[in-house]
Amino acid sequence: MQLLEERILKDGKVRDGNVLKVDNFLNHQMDITLFGEMAREFYRLFQFDNVTKILTIEASGIGIACITAQVFNCPVIFAKKSKTKNIAGDVYTSKVESFTHGGTYDIIVSKEYLKPSDRVLIIDDFLANGSALSGLSSLVKDAGATLIGAGIAIEKAFQSGGDTLRSQGMRIESLAKIKSMENGKVQFCDNSCN
Ligand code: 5GP
């Protein structure tokens, strides 16, 4: 998506450890006009899939997921990050390795909000090694719901998550795909990059 790529080039900052900072428009300050365009692109891609629910993970996926849910006219659920091992109540839980902070944490979603009849579209800000996406998809699976696929704002295609999850059959649509971030310079995938 050209608009998003241009914004990444203008305001994105490459940090150590293959981290792209996009706090100016996506992860801290949020450009809702841009989110609206992204949401419309996700809708164009998934409009015939009868999505009944959008699922994301706190915190930075929530903004994009909400604007996207508005276009799909369906509810949005965010998986909560949980510090307590044994959570009381009826929840689906799975483990995620944090790319940006290191370590592993549990994510939970109440069984009340994810049902076997749901057709779920996952929305997230980044795809790197795929742990967040894989954790979210296992919540969907545990609920017996149908996973339609995932809409990702920025995929770092030089990391393994996208290839691995696509090879397992997951439909992933990324609005900006980064081929490399060497020497602080962001380069996007052309047709050669998955
Ligand atoms: P994964 O689980 O695919 O390795 O990483 C995805 C999660 O890590 C996303 O939900 C996002 O919050 C965070 N993340 C991964 N890479 C980056 C990055 O380069 N920049 C930022 N800001 N967040 C990232």
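Author: Asparagine 183 counts as exposed, because its relative accessibility is 83% and the cut-off for exposed is over 50%. Keep in mind that this is a predicted model. Asparagine 183 sits in the loop between β9 and β10. Its phi is positive, about 50°, although the residue is not a glycine. Most residues other than glycine have a negative phi, and most peptide bonds are trans.

Asparagine 73 also has a positive phi, of about 55°, and is not a glycine. Look for asparagine 73 in the loop between α4 and β4. Asparagine 73 counts as exposed, because its relative accessibility is 71%.

Now look at a peptide bond. Glutamate 58 and alanine 59 are joined by a cis peptide bond, with omega at about 0°. Alanine 59 belongs to the loop between β3 and α4.

Strands of a sheet pair through backbone hydrogen bonds, either parallel or antiparallel. Take β3 (residues 53–57) and β7: they pair in the parallel sense over 3 bridges. Leucine 55 has isoleucine 122, in β7, as its bridge partner.

Next comes the interior. In soluble globular proteins, nonpolar side chains tend to be buried together. Here the largest nonpolar core has 33 residues. Leu4, Ile8, Leu20, Met38, Ile54 and Ile154 have the most contacts inside this core. Several elements each supply at least two residues of this core, including α1 (2–11), α3 (32–46) and β9 (172–180). The largest share, 7 residues, comes from α3. Leaving out residues up to four places away in sequence, isoleucine 154 touches, among others, Leu4, Ile8, Val22, Phe126 and Ile178.

The largest pocket holds about 800 Å³. Its lining has 30 residues, and Ser60, Phe99, Thr100, Asp125 and Phe126 lie nearest its centre. Elements giving two or more residues to this lining include β2 (19–21), α2 and α5 (131–142). Strand β7 gives the most, with 4 residues.

Methods:
Residues are numbered from 1 along each chain as its sequence is written. This is a predicted model: local features need pLDDT of at least 70, side-chain atom pairs count only at pLDDT 80 or more; totals for chains, interfaces and linings use all residues. Side-chain values use heavy atoms; hydrogens and water are left out. A nonpolar core is a set of buried Ala, Val, Leu, Ile, Met, Phe, Trp, Tyr and Cys residues joined through side-chain atoms within 4.5 Å. Buried means under 20% relative accessible area, exposed over 50%, partly exposed in between (1.4 Å probe, protein chains only). Contact means heavy atoms within 4.5 Å. Two strands pair if DSSP finds at least two bridges between them. On a 1 Å grid over the protein atoms alone, a cavity is a set of points where a 1.4 Å probe fits but cannot get out, and a pocket is an open set with protein on both sides within 12 Å along at least five of seven lines; lining residues have an atom within 4 Å of a point. Grid points are joined across faces, edges and corners, and a volume is the space filled by probe spheres set on the points.
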